[in-house]
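Let's take a walk through a protein model together, a few helices at a time. Have a look at the picture first, then read on.

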Amino acid sequence: MVARRLREVRIRNGLSQEKLGVLAGIDEMSASARMNQYERGKHVPDFGTIKRIAAALNVPATYFYAVADDEAALLLRFHQLSSEQRATLIKFSMELD
């Protein structure tokens, strides 16, 4: 799941593999190769790297681990909300029972 979501969000943000790698703190000389390996699923980045990649892409780190597409979409939307909006959404969701 990490590989597919990583590629999708990188492309959506208009970044090259190298640029994303550099933004995530990966050495410029190996950034493109490492990001390519992550996107092909050859290697899976550790959680610290995922957090840096997520920060560079302005998405929650959990987005990369969501199995269902609708869950991933909710994570992205929740991440974009203000604290007040998040509290409102959580309160609303608890009332759905």
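Is N58 buried or exposed? With a relative accessibility of 59%, N58 counts as exposed, since the word is used for values over 50%, while buried means under 20% and partly exposed lies in between (1.4 Å probe, protein chains only). You'll find N58 in the loop between α4 and α5 (69-80).

Before we go on, some housekeeping: this is a predicted model, where local features need pLDDT of at least 70, side-chain atom pairs count only at pLDDT 80 or more, and totals for chains, interfaces and linings use all residues. Residues are numbered from 1 along each chain as its sequence is written, and side-chain values use heavy atoms, leaving out hydrogens and water. Helices are DSSP runs of H or I with at least four residues, numbered from the N terminus.

Back to N58 for a moment. Most residues other than glycine have a negative phi. N58 isn't a glycine, yet its phi is positive, at about 55 degrees. A positive phi also turns up at G41, which follows α3, with a value near 80 degrees.

Now for the way helices sit together. Two packed helices are described by the angle between their axes and the distance between the axes. Here the axes are lines fitted to C-alpha atoms over the stretch in contact, and angles run from 0 to 180 degrees between N-to-C directions. Take α1 (residues 2-12) and α4 (residues 47-57): their axes are 11 Å apart, at an angle of about 25 degrees. That makes α1 roughly parallel to α4, because angles under 35 degrees get that label, over 145 is roughly antiparallel, 65 to 115 is roughly perpendicular and the rest is oblique. On the α1 side, V2, L6, V9 and R10 make the contact, and on the α4 side I50, I53 and L57; contact means heavy atoms within 4.5 Å.

How do α1 and α3 (residues 31-40) compare? Their axes come within 6 Å and cross at roughly 125 degrees, so α1 and α3 are oblique to each other. A3, L6, R7 and R10 of α1 meet M35, Y38, E39 and R40 of α3.

Finally, look at α3 by itself. Its buried residues are A31, M35, Y38 and E39. They sit on the same side of α3, because they cover an arc of only 95 degrees around the axis, going by the directions from the helix axis to the C-beta atoms. These buried residues pack against α1, α2 (17-23) and α4.

Conventions
Helix = DSSP H or I, 4+ residues; strand = E, 2+ residues; numbered from the N terminus.
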